[in-house]
Amino acid sequence: MKTIIWKLYGQLINVMSSLIRIGTCCLSCVIVTSCNNPIPDEEITLTSKKYVLNEFGQITSTNFSAEDFEPPKNCKECHPNHYQEWSESMHAYAMEDPIFFSGWEQAQHDYPETGERFCVQCHSPVAFLTGEDLSDYSTSEELLESDLPEQIKAGISCDICHSITSLSQTVHTDNNLAAVADYHLYPGEGIKIGSIQNPESNEHHESEYNPIFTRSELCLPCHDMTIRGVEAEITFTEWSRIPGLAMSGELSCQDCHMKQKNDGTHDHHFTGVDINLSYPMEESPLYNKIEELLQSAVYIKFGYYNFALPDSISKGETLTIPVAVSSLTAHAIPSGTSFSREAWLELVIRNDQGNILYQSGVIEDNSEPLDLSDVDLLLFTTQLMGENEESVNSIINAYSIINNSLPAFSDRYHQYNYDVVNDYNFLIVKVRMRFRSFKPYILNGHPDLLSNLPVFEMESICDTIYFKQ
Amino acid sequence: MLNRFSYLFVVIMISCGVINFDNSRVKYITLHGIDVSDDGERVFVSDRGDGKLHIFNANDGSRIQSIKLSDNAMAAGIKYANDKMFITYQALDQVGIIDLNTNNIDIIDINYLPISCISYTSIMDCNMVTGCEWMDMGSMSHCMNSVDVCLGLDEEQCISVDGCDWTMNMCMEYGGMMDMGNNTPHFIVIDTMNHYWFVTTITSGFVGRYSLYTNELIDKIEVGDSPALMVLNEYDKKLYVSRMMPMAGMMTGAISTIIQEIDYTDSNHMVLSKQFELSSPAPHGLAINLDGSEIYTTSNTADWIWKINPSSSDIIGFVMDEMIGNTHDIETQRLKPIQCLSVGDSLLFVTCSAGLWYDPLSGEQDTIPGQVQLWNTHTMSLIDTLQFTWKAKPWHIVQAPVKDLIYLTLAGDNLYLGSSGIVCLSYENNNLEIVWTAH
């Protein structure tokens, strides 16, 4: 019954919004006989609460209140597994991460009028939609100990997704960094929306099915962003640029990052490659999931085209090692904040005594930077460039980008050459693809976090080359 | 009084775009399927991005009307017949049939798979179904698939167990990763001579045949391997099916080199009559010549074009990308051909999505212009090429029924609003020229 009432209410809202449009725009059109700026017609088909932003990305009017959104703990009693998974996720950590606070502080310093909203638009959508100014909080501790509503502290909480009524578009950020995220949410009406067809309502909330919950577009507006036209964080676009995926919608974000579990529900860890570095890595609840995801992301092998690793070699010859890296991933590697991440090939040649004869991409510990002067190093990352073509580490100052990532489902062929100067029984060649979610220098201001930085092994191969008798 | 008020209300609504008969500012998101009315006056285009059917004036590209289908439909393949428009709603597992005179939409549910366990709501019903078991979770109790026998198996064990598939270095239930819908209807063709319409379902791997009179399902045939586009030989009652592009073996089905021939002579049962195996992967684009003696297909990943003689099963291939000159088995992914269209005695149009290209040897990214290639099918030589920007991404293509014109959709790039659109091309004297565009 409540569902029917809600639907009728939705229809009423639709009719009212149409009439309001007639009143605000189109009565004048009757007089001037044309209307060159019709309101997008999405608004009349699906209900969502409205908000208006000014040129600085600040709320000037809104139908949202913090109370519209349930504190996540309210969901815990009936959905303990979902709650536990979410609480271990980076979505829950969005307003706790010290690295975020560092970047946010810089944004507010460099862009006093817009920087606070720019980051908050995705890290705390409730604060963004309600217009709650968080500029007084410079650390996660201050924020978490404040009297702010729990929903604001909770980052990307349950209702942010489960009140989505229709799809959003990419965030295109202008030069002044003004927030522009376009959300279509309908919280606070006792209705939770999700991917289960014919869901049953319960004493706590009505339940609605919406097929958009299986689509990649659901991850907009936040997982696709340009700034000054720079393709800064465009994970969704990377996916949509593959014709087969754009046409079919298959291999959606949810397929890999919210896998269906044996009980039919979806994993709400939203596993990606980011990790809470306040834990020692072995204690991190996400570590194994990230490792599993990364190990399914690429395939490497010796050889490509007509080039193959030789079976045997002699002293005085050059050992040519062709390596092919094939992406099995529906977006670039790395993606998202690709400028802070790096994936690379490590190659080590040992002799029959186990001594290292040649190496590339080897680091002694996880916080050691890669040797970028190594001409053989195969590195997948991006680099943001500033206004004067200098390297920058934050998208807020990005005016261009050097993209050396591995695009979705692409191959990269790389060749190493080693001059064999001595005789051995055999050589062992081992190649690993490795990944870390932060370049170490980005964590320079956070030595405690740097010490927990994991390096993942995505894939490894090994072969033996014997010496000719 | 009431009628006068209603009239005023409608005028206001129309003038302001509420009913959307205007031709004012509309940005297309991802234009996908395309077809033309029998009289050649109207061009129909589906917008996958915002769930609309747009109707254009075929003479000048002005937009006549936009019909809202559903934000969530992911409208894809469309086909016109008898003043009706057939549209696949990919995300909803439906086909919408719009009466263009009334704008009424009939919905046909596409459900070719057995009912899933989760639809059983009682313990008794659930436990009576093989493969389902009741999960007792208090208020969250539900019916689910029986324990996943695939999980934990190594690769060798995995491929030997029915229903298991080695994917992403782990053993999974076949199709278990796909969760966007059970069927994913994609493309429609209509046999107006024999009064059938057909639809492919990417995820479940079927071709369905329906009565054009009643829209009732007559028959379905499992073809597997992500079926995509189709062409018809109405005289011989043969249907040819191409494949959706598999991405690194991750999409449903692993084999991706076949074009299938379905014989639908029997009015109740379709039969898989032939398979043509190519030497290139991902044969997606598909066309048939006037007398049905030649089938053309393009490899989306290898940039090769293939000519198939369905009678003799002879297959010959040609490289599309002369600059690269790759062999048929090398997946260059530069031109990314999407659809073919055979016109007249010897012309073949091929749309190429192109876009960003990654050089695997240097690791550098380049931009390849989206383009339409015009081929001579007798000599299999390239006659002309018309290039767009790399953001344009030409996808589907259709021939005008009464003029030497073709129409095609530009899917556009997600980041560049206005890059999606529709183009009318002429091919007089075998020269491709733009007649009009609409963005």
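Me: Which residues have the most contacts inside the largest nonpolar core?
Reply: In this predicted model, the largest nonpolar core has 207 residues. In soluble globular proteins, nonpolar side chains tend to be buried together. The residues with the most contacts inside this core are I87(B), I188(B), M230(B), F349(B), I406(B) and Y407(B).

Me: Which residues does I406(B) touch, leaving aside those up to four places away in sequence?
Reply: I406(B) is one of the residues with the most contacts inside the largest nonpolar core. A contact here requires C-beta atoms within 7 Å. Leaving aside residues up to four places away in sequence, I406(B) touches L341(B), F349(B), I397(B), V398(B), Q399(B), A400(B), L425(B) and Y427(B).

Me: Why is strand 22 of chain B described as largely enclosed by the rest of the structure?
Reply: From strand 22, I295(B), T297(B) and S299(B) point one way, while Y296(B) and T298(B) point the other way. A residue is buried if 20 or more other C-beta atoms lie within 10 Å of its own. Strand 22 is described as largely enclosed because the number of its residues that are buried is five of the five.

Me: Which residue of strand 23 stands opposite T297(B)?
Reply: On the side of strand 21, which is joined to strand 22 of chain B by five bridges, the bridge partner of T297(B) is L286(B). Strand 22 is also joined to strand 23 of chain B, by four bridges, and these two strands run antiparallel. In strand 23, Y296(B) faces K307(B), and the residue opposite T297(B) is W306(B).

Me: Which residue takes a positive phi in the hairpin of strand 22 and strand 23 of chain B?
Reply: The hairpin of strand 21 and strand 22 of chain B has six residues between its strands, and G292(B) in that turn has a positive phi of about 75°. In the hairpin of strand 22 and strand 23, four residues lie between the strands. There, the residue with a positive phi, near 60°, is D303(B).

Technical notes
Residues are numbered from 1 along each chain as its sequence is written. Chains are lettered from A and ligands numbered from 1 in the order in which they are written. This is a predicted model: local features need pLDDT of at least 70, side-chain atom pairs count only at pLDDT 80 or more; totals for chains, interfaces and linings use all residues. Two strands pair if DSSP finds at least two bridges between them. A nonpolar core is a set of buried Ala, Val, Leu, Ile, Met, Phe, Trp, Tyr and Cys residues joined through C-beta atoms within 7 Å. A residue is buried if 20 or more other C-beta atoms lie within 10 Å of its own, exposed if 12 or fewer, and partly exposed in between; C-beta atoms are placed from the backbone. Two residues are in contact if their C-beta atoms, placed from the backbone, lie within 7 Å.
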